[in-house]
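Please look over the sequence and the model shown here before reading on.

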Amino acid sequence: AVQGVKLEVFGDANDYVGKGLSGGRIIVKPAPDAGITPEESIIVGNTVLYGAISGECYFRGVAGERFAVRNSGADVVVEGCGSNGCEYMTGGTAVILGRVGDNFGAGMSGGMAFVYDEAGDFPLFVNDGSVVHQRLESQYWEQHLRSLIEQHAEETQSRFARRLLNDWMLERGKFWQIAPKEMLDKLAYPLSDARPAKLAE
């Protein structure tokens, strides 16, 4: 899917959604009469956005395993994902508005990720060998995150995303920002307005 192409799916989708995405926009959301709680239900399969280089994806629901593996430039919002999320990611932005599986960020060498962690246990699932994780400490990155959630709410009509936006001052403290260690000194905008991110010991 190249720039100018928009694919909108009402229902769920299988593995490899957005493989090699090259500028297009993909929206996957439940049908209005689906009768499910989207943020608790699988909407796309495994290995979504494999090798994507640009474009946008908004998924109102949860993704399977290896979400955004080798993503090299696409921006994506999803409401949860399985194990090995953002594995070997080299570019783009991934926003996960929900729980993640084990080994998040393994081999991640570029791009940026944000995870909404209502349970407060995300540090148990992140791969500290590849990335640092911290709370929101930068106005630039916070606005970048919020703008993607706003776009997600507009494209998918996600009530969950709208609730987060409406209660932003209460919910912002539940987000983690995840960045590759090897990119910390190369970011155009640092992770913190006050100090650089600390490497995990």
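## Cysteines

A disulfide is a pair of cysteine sulfur atoms within 2.5 Å, and by that rule the structure holds zero disulfides. Cys 57 is in no disulfide, since the nearest cysteine sulfur to it, that of Cys 86, is 13 Å away. Cys 86 is likewise in no disulfide, and the nearest cysteine sulfur in its case, that of Cys 81, is 6.6 Å away.

Residues are called buried when their relative accessible area is under 20%, exposed when it is over 50%, and partly exposed in between, with a 1.4 Å probe and protein chains only. Cys 57 has a relative accessibility of 0% and therefore counts as buried, and Cys 86 is buried as well, because its relative accessible area is 0%.

## How the model is read

This is a predicted model, in which local features need pLDDT of at least 70 and side-chain atom pairs count only at pLDDT 80 or more, whereas totals for chains, interfaces and linings use all residues. Residues are numbered from 1 along each chain as its sequence is written, and side-chain values use heavy atoms, with hydrogens and water left out.

## The nonpolar cores

A nonpolar core is a set of buried Ala, Val, Leu, Ile, Met, Phe, Trp, Tyr and Cys residues joined through side-chain atoms within 4.5 Å. The largest one here has 33 residues, and those with the most contacts inside it are Phe 59, Phe 67, Ile 96, Phe 104 and Ile 178. Among the elements that give two or more residues to this core are strand S2 (22-29), strand S4 (54-59), strand S6 (72-78), strand S7 (90-96) and strand S10 (175-180), and S6 gives the most, with three residues. Helices (H or I, at least four residues) and strands (E, at least two) are DSSP runs, numbered from the N terminus.

Apart from this core lies another, of 23 residues, which includes Met 112, Leu 145, Leu 148 and Ile 149. Contact means heavy atoms within 4.5 Å. Leaving aside neighbours within four places in sequence, Phe 67 is in contact with residues including Val 48, Phe 59, Val 76, Cys 81, Cys 86 and Ile 96.

## The loop between S5 and S6

Arg 66 is found in the loop between strand S5 (62-63) and S6, and its phi is near 55 degrees, a positive value in a residue other than glycine. Arg 70 has its place in the loop between S5 and S6 too, with a phi near 60 degrees, again positive in a residue other than glycine. Arg 66 is partly exposed, with a relative accessible area of 32%, and Arg 70 is partly exposed with 41%.

Ala 68 is also placed in the loop between S5 and S6, but this residue is buried, because its relative accessible area is 0%. Not counting residues up to four places away in sequence, Ala 68 touches Val 48, Leu 49, Cys 86, Glu 87 and Met 89.

## Two helices

The axes of helix H1 (residues 139-156) and helix H2 (residues 159-166) come within 8 Å and cross at roughly 140 degrees. Axes are lines fitted to C-alpha atoms, for helices over the stretch in contact, and angles run from 0 to 180 degrees between N-to-C directions. Angles under 35 degrees count as roughly parallel, over 145 as roughly antiparallel, 65 to 115 as roughly perpendicular and the rest as oblique, and H1 and H2 are therefore oblique to each other. The contact is made by residues including Arg 146, Ile 149 and Ala 153 of H1 and Ala 161, Arg 162 and Leu 165 of H2.
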